[in-house]
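This report looks at how one chain is built, how its parts meet, and how it touches a second chain. Please have the sequence and the coordinates at hand while reading.

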Amino acid sequence: MIDLSHLRLDFPVLQRRVHGQPLVFLDSAASSQKPTQVLDVMDAVYRTHYANVHRGAYLLSEESTTAYEEARGKVAKFINATSRTEVVFTRGTTTALNTVAFGWGMDNLSAGDRVLLTMMEHHANVVPWQMVARRTGAELVYLPMTGDHRLDLDRLPELLDERVRVVSFTGMSNVTGTLPPVTDIARMAHEIGALVVVDAAQLVTHVPIDVQQLEADFIAFSGHKMLGPTGIGALWGRPSLLEEMEPFEGGGEMISDVRLDGSTWAPVPHKFEAGTPPIVEAIGLGAAVDYLEKIGMESVRRHDRELTGYALNRLTELPQVRVFGPEDLEQRGGVISFALGDVHPHDVATVLDQEGVAVRAGHHCAKPLTRALGVPATARASFQVYNTREDVDALVTGLRRVEEVFRVD
Amino acid sequence: MSIEELYREVILDHYRNPRNRGALDHPDAHAEGNNPLCGDELLLDLRFDGDRVAEVAIQGQGCSISQSSASMMSQAINGKTLDEVRDLIATFKTMMDIETPAQAGLDPDRPGAVLGDLEALQGVRKFPVRIKCANLAWTTLEEALQSHQSSVFRNQL
């Protein structure tokens, strides 16, 4: 098994104890911890280089601007974009998806059109489309799941008719860890001329991403789930689409000229970056990309797959634990939702917390999916590069403690 | 602080065997409560006999704290007058308020100030993120009483 345990020392928070126990952090799918390499870069920017970007004709502003644009270049290279101008910095995945839903949807959707989503979407890839559908008269349809919580691709051809203008779906479920075949779906969607949008919030930090291979038109992701700071994310888009799409937000920085009777937009990607951007966060995201590149995303994926396999295996020792999602490790990543007997996930999480083990409990901002699983909520353990087999062992020990407290046999 | 202080025997009992489950036909008061963050849900029906609670019925789903609190509440308010129920709500809220001593509102001489089994929920105070679970049934009850009061008021007009 690939050993990345040396990375743990890079993450100061992992030295913490909670409730007298060493911290076992298994909630990275909600937000990951940050390595010193990211924290130091951000600190150094604030202490020595900070000024607003693209404005001042003075040294600090030039330095900030260079670092900000270099970070864009790092993100572009990380996902194998052709040019850094294909990467729009956003507040996160949510803003990126809203930018497409409103920017593209408001001008291109109308009554009779359809947007195809799936049953396993995060609310960030449902609610913006619902809002745009309500304004344009377009209709939303949802691709169902199979019994083992994969997308039911057999149903895809019948749903992909000429009314479908957009297919927007997750590259990796934040609840079941399911990895849909993105490229296959994108090809089928393109055959009928639909726009393909991929929510890559989880995918980007678990699996190597190459936008040339994915064949999507837009992909959206966040910095904070990939070892970077909050408040920064990215929207990658095909250059022609970014050119023709209207900006979702107006303000400073995104204009070419402003007159009383109208304005013209700055070139891509700046026309989508209204207002002072999260400068230091963007540079921090660049540092997170450097960190992941140094490990190598192939190693990240291998570590994630092996740890997930180990966890799924160990969880079978607890007969009362029911794991959701596909069993095939090629079709899932390191996000494991489960139920333990009749114990409510919040109670599972509270008992685990007392043992130092941090997991998420709830609907994970994917209520249609949790409803489809037939549960009001799940407990979820999720992995990052800093997690180890010992963390999984602590989870299993903690779950035995839950069984003891709740007398589950 | 041990986890058993939170998950007392009586809480687990009410979670696994909730009292007064179900719905009432044509209830005098009805309210629905939920904690959007964690998905706890509660539906509360009340029937009154004069100013006394004559019947309570509860549906919903959620964690052991929210559901046991609802179950214990349903027993505690059954047969009580509206004034006593309001007193009980205040007593419970005082117990859940981490700014006041847990026993502050309790008074063995006032029927509305005797929590009985509900005192088992005291341990929740030490788990601040779970307090809203314990309070869900009670805020829903307040809403039901309010809607009842305004409908009584309307009928008197």
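How many residues of domain 1 of chain A are in contact with domain 2 of chain A, and how many residues of domain 2 take part? In this predicted model, 25 residues of domain 1 of chain A are in contact with 23 residues of domain 2 of chain A. On the side of domain 1 of chain A that touches domain 2, the elements that give two or more residues are helix 12 (297-315), strand 14 (335-340), helix 14 (367-373) and strand 17 (378-382) of chain A. Helix 12 of chain A gives the most to this side, with five residues. By class, the side of domain 1 of chain A that touches domain 2 of chain A has 11 nonpolar, eight polar and six charged residues.

The division itself places residues 5-28 and 297-402 of chain A in domain 1, while residues 38-293 of chain A form domain 2. The centres of the two domains of chain A, taken over C-alpha atoms, are separated by 27 Å.

Taken as a whole, chain A has 15 helices and 17 strands, and 51% of its 409 residues count as buried. Among the contacts in chain A with a separation of 6 or more, 72% are accounted for by residues 24 or more positions apart. The C-alpha trace of chain A spans about 70 × 55 × 35 Å along its principal axes. A compact globule with 409 residues would have a radius of gyration near 22 Å, and the 22 Å of chain A therefore agrees with that expectation.

One local feature of chain A is a hairpin, formed by strand 11 and strand 12 of chain A with two residues between them. These strands of chain A run antiparallel and are joined by four bridges, and A:Val258 has A:Ser263 in strand 12 of chain A as its bridge partner. Is strand 11 of chain A largely buried or in the open? Of the five residues of strand 11 (residues 255-259) of chain A, the number buried is zero, so this strand lies largely in the open.

Chain A also touches chain B, in a contact that takes 12 residues from chain A and 14 residues from chain B. By class, the side of chain B that touches chain A has eight nonpolar, four polar and two charged residues.

| Chain B, touching chain A | eight residues | four residues | two residues |

Terms used:
Residues numbered from 1 in each chain as written. Chains lettered and ligands numbered in written order. Predicted model: local features only at pLDDT ≥ 70, side-chain atom pairs only at ≥ 80, totals over all residues. Buried ≥ 20, exposed ≤ 12 C-beta atoms within 10 Å, placed from the backbone. Pairing = 2+ DSSP bridges. Contact = placed C-beta atoms within 7 Å. Nonpolar A, V, L, I, M, F, W, Y, C, P; charged D, E, K, R; others polar. Domains from an automatic or database assignment. Rg over C-alpha atoms; globule rule 2.2 N^0.38 Å.
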